[in-house]
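Here are some notes to read alongside the structure for anyone meeting it now. They take up cavities, strands and a pocket in turn.

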Amino acid sequence: MQLSIIGTGHVGLVTGACFAEYGNQVVCVDNDVRKIETLRGRKMPIYEPGLEELVLKHVDAGKLRFSTEIRDAVRDAEVIFICVGTPQLPSGAPDLSYIEAVSREIARHLEEYRIIVEKSTVPVQTGQRVKMTISKYVKKDVPFDVASNPEFLREGSAISDTLHPERVVIGVESKRAEDLLRRIYEPFNSTFVVTDIHSAELIKHASNAFLALKISFINSVANVCEATGADVEEVARGMGLDTRIGKGFLRAGIGYGGYCFPKDVEALIRIAHDLRYDFGILREVQNVNVDQRIRFVNRIEKELWVLKDKTIGLLGLSFKPNTDDIRESPAIEVGRELLRRGAKVKAYDPQAIPHVQRDAKISEQLKGVVFCKDAYEAAADADCLALVTEWDEFRKLDFERIKSTMSHPTILDGRNFFDPAALKRLGFTYHSVGRA
Ligand code: UGA
């Protein structure tokens, strides 16, 4: 089928490449000329494992192309996926101006039946607004459908999440739209959840908020573990084997970050507030999440007594491994808090350092941090090594070497990543989150 994607961010680009992989002709559109030029120049604007290979494979096969014109998206494809960003406004509400602008632009070019599918994460009832906007700006009496098809991919495993989704959620108002979307997703061999548009929109926000809730819950349990000598890893395993609870998202640590969870939890609180409902449980999810980073820095401080002028080696800056994304990264928050308390910070991340250096705001926040070429450089002369993002390469570190160069062999593990027994055997003082 001929499909178009508007917005070539993480979701749009990955979705476009995966639709091409299942045999469709795809045009990806973005009004950011530089981004489209980068893609046409065979370079990826984001880091995502496997993306470059997949994109280039389908560009070379003539199945995937890039354009800056929404006209192309509307003319060439019966199904148009809107994947533009919905960033957080200073008020906490999502900024829907990109969705609105794209809806108007689609309306301007509409000549024959099209389905306009929202894939961006949007507040419940946005589909209705998209429909109203298109109806208002469309030139002639052209039939169209609006649908919702939320995305559940995770950064770092976006390709396999998209190619093999656990479910495909489709919110529709007509049989025609349902049939077309089912046809597109048939090769994905997944379970379909077909609902009205409002419910599909809410499935996305509720899913992200629930996953964030699980993380804050297990972090609260970790804090009880720490105070009692219980082990949160064991507790999480024992809980997770109950399929009603599930194993996922019970990894305790310094909390969640990234572009999605913080924004979507806040958005759902706002949506509920505007509907005169206080979603108080989610406010507590946020509080626990913020507190978790502070507790971690408190733990480092407790270990070193005074942080002022102590050197901390920070392992990780991205919000999670396998991505260079630093948005709302708990690792960066830990770095900032250490600086605030007067510590000297040396940081290493396998992918994120150029992003930190390019971002004026974050560079300012991390002013004074020395960026290192590897973990060994970050550890040299440090009073404490703090693991804040669990990149796989940190597992293979030569800890004998690290110990020999550190000022004091102390490791604070914010992601329960290292083996406590092994590090203690090597003579490290080792602390993690919620483990005795
Ligand atoms: C999240 C959702 O998992 C996706 O399903 C969704 O499509 C996406 O948001 C989105 O809305 O676009 P993502 O933000 O890429 O995906 O990252 P996750 O893997 O979910 O991790 C989010 C944060 O939670 C990370 O900071 C991670 O370190 C933290 N986390 C995750 C924990 O602290 N503990 C866990 O057990 C799991």
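**Notes on the predicted model**

1. In the lining of the second largest cavity, the largest contribution comes from α9, which gives three residues. The model is a predicted one, and the volume computed for this second largest cavity is about 50 Å³. Its lining is made up of Glu118, Lys119, Ser120, Thr121, Val122, Ser148, Asn149, Pro150, Ala200, Glu201 and Lys204, and by class these residues divide into three nonpolar, four polar and four charged.

2. How many cavities of 30 Å³ or more are there? The count comes to two, and the largest cavity has a volume of about 110 Å³. The largest cavity is lined by 13 residues, and those that lie nearest its centre are Glu226, Arg295, Phe296, Arg299 and Val433.

3. As for the elements around the largest cavity, α9 (197-228), α12 (280-304) and β13 each supply at least two residues of the lining, while α12 gives the most, with four residues. The classes in this lining are four nonpolar, five polar and four charged residues.

4. Glu118, one of the residues lining the second largest cavity, also belongs to strand β5, where Arg114, Ile116 and Glu118 point one way and Ile115 and Val117 the other way. Are the residues of strand β5 (residues 114-118) buried or exposed? Five of its five residues are buried, and the strand is accordingly described as mostly covered.

5. Strand β5 has parallel partners that can be followed one at a time. With strand β4 (residues 79-82) it pairs in the parallel sense over four bridges, and Val79 stands opposite Ile115 in β5. The chain segments β4, helix α5 (residues 97-109) and β5 together make a right-handed β-α-β unit.

6. Strand β6 (residues 144-148) also runs parallel to β5, and five bridges join the two; in β6, Val146 is the bridge partner of Ile116. From β5 the chain crosses through α6 to β6, and this β-α-β crossover, too, is right-handed. Ser148, within the residue range given for β6, is among the residues lining the second largest cavity.

7. The largest share of the lining, four residues, comes from α11.

8. Which domains contribute to the lining of the second largest pocket? At least three residues are drawn from each of domain 1 (2-195) and domain 2 (210-431). By class, the lining holds eight nonpolar, two polar and three charged residues.

9. A separate point concerns the open sheet of six strands, which follow the order β11-β10-β9-β12-β13-β14 with parallel pairing. Its edge strands are β11 (370-371) and β14 (429-431), each of which pairs on one side only. Within this sheet, strand β12 (residues 384-387) and strand β13 (residues 410-413) run parallel and are joined by three bridges, with Ala386 standing opposite Leu412 in β13. Strand β13 is also one of the elements that supply at least two residues to the lining of the largest cavity.

Note on methods
Residues are numbered from 1 along each chain as its sequence is written. This is a predicted model: local features need pLDDT of at least 70, side-chain atom pairs count only at pLDDT 80 or more; totals for chains, interfaces and linings use all residues. Side-chain values use heavy atoms; hydrogens and water are left out. Ala, Val, Leu, Ile, Met, Phe, Trp, Tyr, Cys and Pro count as nonpolar, Asp, Glu, Lys and Arg as charged, and the others, Gly among them, as polar. Domain bounds come from an automatic or database domain assignment. Buried means under 20% relative accessible area, exposed over 50%, partly exposed in between (1.4 Å probe, protein chains only). Two strands pair if DSSP finds at least two bridges between them. A crossover is right-handed if, with the strands pointing away from the viewer, the path from the first strand over the helix to the second runs clockwise. On a 1 Å grid over the protein atoms alone, a cavity is a set of points where a 1.4 Å probe fits but cannot get out, and a pocket is an open set with protein on both sides within 12 Å along at least five of seven lines; lining residues have an atom within 4 Å of a point. Grid points are joined across faces, edges and corners, and a volume is the space filled by probe spheres set on the points.
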